[in-house]
Amino acid sequence: MIGPRVLEAALRLGELPAYLYDLPALDEHVKSVRAALGDVELYYAVKANPDPELLRVLAAYVDGFEVSSAGEHAHVTALFPDLPVALGGPGKTDAELRLPHHRLHVESPNELRRLLATGLEADVLLRLNPGLPVEGAALTMSGPFGMDEDGIAECLPMFGDRVRLRGLHAHLASGLEAPQLLELARALLAHPYEEVNLGGGMAVSYVTPHTRFDWAAYGAGLAEHARGRRLRIEPGRALTVYCGHYVTRVVDVKRVRGEAYAVVLGGTHHLRTPATKGHDQPFTIVPTGGGPGVADEPVTFVGQLCTPKDVLARKVVTTVRVGDTVVFGMAGAYAWNISHHDFLMHPKPAFHHLRA
């Protein structure tokens, strides 16, 4: 699963745990995504991973960045002052409504009234929460996100010369394959707006990490649906997840009531994804250890935290010894930046970038 170039680099890292980002792999992946999308605008959702080196690779291919806070806005605009920024997210403060942007994603009629009260100019997309059925999604963005059709209707009379309506924004779900996303796009494009941001949500499989979202089919389908309209997407996880690796070391192997456990340095306070999504984080073991271990049996990999939820992978059949190096893959999105770093105050991981 994890190539020899990354595994060789992982063994040179020194102190562990550490994150290792494969920048050439990211460049190759995003380049292919960009080619598949044709005229569809590509923004990167910075919330997935704001690492500056990753953003520098992405900047060569994206049309802009989607940010969801003043902190993300400051981070991105300092790095790329000339690239467009779309500002989204619920609960924007008055200060955030005043931030310079290419597009502002408005979440409610009240937020629009507050924007108008600033007296500033703005180009707005109204975030629609249309209540469409979304089957098989890993996460649905319903409830407080965006507005229903009544909220949209309440907003329409408020627009004028200073605050201009440009179209719709809709991010409905995560974890969908191309046919599902295209079906949602078809329904959303029934609305008569010339500009539509379809959000992200492209499927990423931690069970079969070698599979990829069908960007070619998605790009071709969007071109068919566009009919001359301006379309934009803003993926996050599906762009950067594959380039990231969390490298750690086994410090203990033990058996409790018949079940084998491998305890590694670090844990879900560094890599929260498997705990939040309830999956086994894919990994490769490099046999660098000579301590006690187990062979060819189910092993649960846990971290150093004082909680039974600190599980990275559960009952995976493998061989592992104390001192072995474990390289967890698919750690390039919603990993370090979404984790509870300071719980138990363990040392933070190092960060390394593989460039060739």
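**Entry 1: His 102**

I started with His 102, which sits in the loop between helix H5 (94-97) and strand E5; helices (H or I, at least four residues) and strands (E, at least two) are DSSP runs, numbered from the N terminus. The model is predicted, so I noted that local features need pLDDT of at least 70 and side-chain atom pairs count only at pLDDT 80 or more, while totals for chains, interfaces and linings use all residues. Residues are numbered from 1 along each chain as its sequence is written, and side-chain values use heavy atoms, with hydrogens and water left out.

The cut-offs are under 20% relative accessible area for buried, over 50% for exposed, and partly exposed in between (1.4 Å probe, protein chains only).

I then listed what His 102 contacts, leaving aside neighbours within four places in sequence: Tyr 43, Pro 84, Val 85, Asp 123, Arg 230 and Arg 232. Contact means heavy atoms within 4.5 Å. I also checked Met 202, 100 residues from His 102 along the chain, and found the two C-alpha atoms separated by 24 Å.

**Entry 2**

Which strands pair with E6? On one count, strand E5 (residues 103-106) is joined to E6 by 3 bridges and runs parallel to it; two strands pair if DSSP finds at least two bridges between them. Leu 104 stands opposite Val 124 of E6. Strand E8 (residues 163-169) also runs parallel to E6, with 6 bridges, and Val 163 in E8 is the bridge partner of Ala 122. As background, strands of a sheet pair through backbone hydrogen bonds, either parallel or antiparallel.

Strand E2 (residues 41-45) and strand E11 (residues 230-233) run parallel and are joined by 2 bridges. Arg 232 in E11 is the bridge partner of Glu 41.

E5, H6 (residues 109-118) and E6 make a right-handed β-α-β unit. Right-handed here means that, with the strands pointing away from the viewer, the path from the first strand over the helix to the second runs clockwise.

**Entry 2: the cores**

I looked up the largest nonpolar core next and noted 92 residues; Trp 215, Tyr 218, Ile 233 and Phe 301 have the most contacts inside it. Such a core is a set of buried Ala, Val, Leu, Ile, Met, Phe, Trp, Tyr and Cys residues joined through side-chain atoms within 4.5 Å. Helix H8 (residues 178-188) gives the most to this core, with 6 residues.

Beyond four places in sequence, the contacts of Tyr 218 include Leu 37, Ala 178, Leu 181, Met 202 and Ile 233. I also noted a second, separate core of 13 residues, which includes Ala 10, Val 247, Val 286 and Leu 354.

**Entry 3: helix H4**

The buried residues of helix H4 (residues 70-79) are Glu 72, His 73 and Val 76. Seen down the axis of H4, they fall within an arc of 100°, so they line one face of the helix; the arc is that of the directions from the helix axis to the C-beta atoms. These residues pack against helix H3 (52-59), strand E3 (64-67) and strand E4 (85-87).

Arg 229 lies in the loop between helix H9 (215-226) and E11, and is buried, with a relative accessible area of 15%. Among the residues that Arg 229 touches are Leu 189, His 191, Pro 192 and Glu 194. Val 40 is 189 residues from Arg 229 in sequence, yet 9.6 Å away in space, C-alpha to C-alpha.

His 245 lies in strand E12 (residues 244-256) and is buried at 6% relative accessible area. Its contacts include Ile 2, Tyr 19, Val 327 and Phe 328.

Thr 273 is in helix H11 (residues 273-277) and counts as buried, at 1% relative accessibility. I noted Tyr 206, Arg 237, His 279 and Tyr 334 among its contacts.
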